[in-house]
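This report describes selected features of one protein structure. Please keep the sequence and the structure in view while reading.

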Amino acid sequence: MSELQSKLPYVGTTVFTVMSKMAQDHKAINLSQGFPNFNVAEKLLDNYHKVIDGNYHQYKPMPGDARLLQEVAQKIEKHYGRSINPEKELLITAGATQAIFTAIQAIIHKGDEAIVLDPSYDCYAPSVELAGGQPIHVNLNADFTVDWDKVEDQISKNTKLLVINNPHNPGGRVLSKQDIDSLEQIMRRHPHVFLLSDEVYEFIHFEEPHISVNTREVLHDRSIIVSSFGKTFHVTGWKIGYMVAPEAIMAEIKKVHQYVVFCVNSTAQETLSNYLPQVDLGDLSTFYQQKRDFFRERMKGSRFELLPCEGSYFQVARYNEISDLGDFDFAKEMTQKHGVAVIPISGFNKDKHDDHLIRFCFAKDEDTIIKATELLCKI
Ligand SMILES: Cc1ncc(COP(=O)(O)O)c(C=O)c1O
């Protein structure tokens, strides 16, 4: 039998899977993987039950349910003042992950380069490689802010795509107006580059506003913007999201999408098209800000140094006062010895540099946060 040559030889099991499994094996409180453990809104479940009992179990149209597309377009208009054509510029996807994979397959050709800012969410670089492209990794500053000069220095004639994530996982940063201005200037200076903006935490930001690429014409005319209903409505297991792109780009993305999934889960689409007009998405930031503040307040007695958390539902902490171990070993020790599973940040860095940082997910119910922080304060 001939030997199969791996297309992703360096990829093993993801750190999220490893840490969640370790949490389970050691009965540790799981603050590692980014999913909520509290109840989904009752109104959403009521809608879901009605849909399940109804006749919505067959394929939806390839780009998405017409009503859902309309609702998302209205949401974009309401929150960002951008008017899009839902038929031509919007696509419902099987989560943000499929949106990102599909967009990258449509855009990246063999030999193209895509700039990825590390620490980065783990699906960007492999998607670029599977398309035959080369990810160019640029490290964020130690405090997870962006050095835009460093980013621009990496742009070459081969650069096809720049990937950003705002609010940022794992860093918890939200790009400022100055950041977005710098990004806009870079994009103006390099008209051959497209932008992929991962905005799955678009409604989870705290003191400062989240400036979506949807609000900047110079940017959105060359951008693919991705979001996730899983993150917005605490239903990560539904795997449903969407992306926005100008018509010509979207036409190419749809060509790929139809051969990846063709269309997305019908009952989730039907439910969300009913539910979207019933909710105020502005409430989500307040909801998570309370969780962030509760977590941070209860961590005051601990020896962890908490970094700023401006958005997303992740809190990064430095543990230099506690241990000299590398972050993977420290995360293992946390899970096995101290009963709290976390994610080591170096796993998000291509060069694996280790700043002795770990990530907590605070999208958890009050009881879980109380129990976890009690344990964390004893370390
Ligand atoms: C930054 C970022 N992008 C994309 C995703 C994937 O979202 P989805 O579950 O909708 O595929 C996640 C999930 O954790 C994420 O944190």
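## Surroundings of the ligand

A residue is near a molecule if its C-beta atom, placed from the backbone, lies within 6 Å of it. The shell around the ligand holds 13 residues, and those that come nearest are Gly95, Ala96, Thr97, Asn169 and Ser228. Helix H5 (residues 95–107) supplies the largest share of this shell, 3 residues; helices (H or I, at least four residues) and strands (E, at least two) are DSSP runs numbered from the N terminus.

The shell comprises 3 nonpolar, 9 polar and 1 charged residues. Ala, Val, Leu, Ile, Met, Phe, Trp, Tyr, Cys and Pro count as nonpolar, Asp, Glu, Lys and Arg as charged, and the others, Gly among them, as polar.

## Basis of the model

The model is predicted: local features need pLDDT of at least 70, side-chain atom pairs count only at pLDDT 80 or more, and totals for chains, interfaces and linings use all residues. Residues are numbered from 1 along each chain as its sequence is written.

## Contact of H2 with H12

Lys43, Leu44, Asn47, Tyr48, Val51 and Ile52 in H2 meet Thr267, Glu270, Thr271, Asn274 and Tyr275 in H12 (contact requires C-beta atoms, placed from the backbone, within 7 Å). The residues of this contact divide into 5 nonpolar, 4 polar and 2 charged.

## An exposed loop residue

Ser156 lies in the loop between helix H7 (148–153) and strand E5 (159–165). Ser156 counts as exposed because it has 12 C-beta neighbours inside 10 Å (buried means 20 or more other C-beta atoms, placed from the backbone, within 10 Å, exposed 12 or fewer, and partly exposed in between). The C-alpha atoms of Ser156 and Glu113 are separated by 8.3 Å, although these residues are 43 residues apart along the chain.

Note on methods: Contact = placed C-beta atoms within 7 Å.
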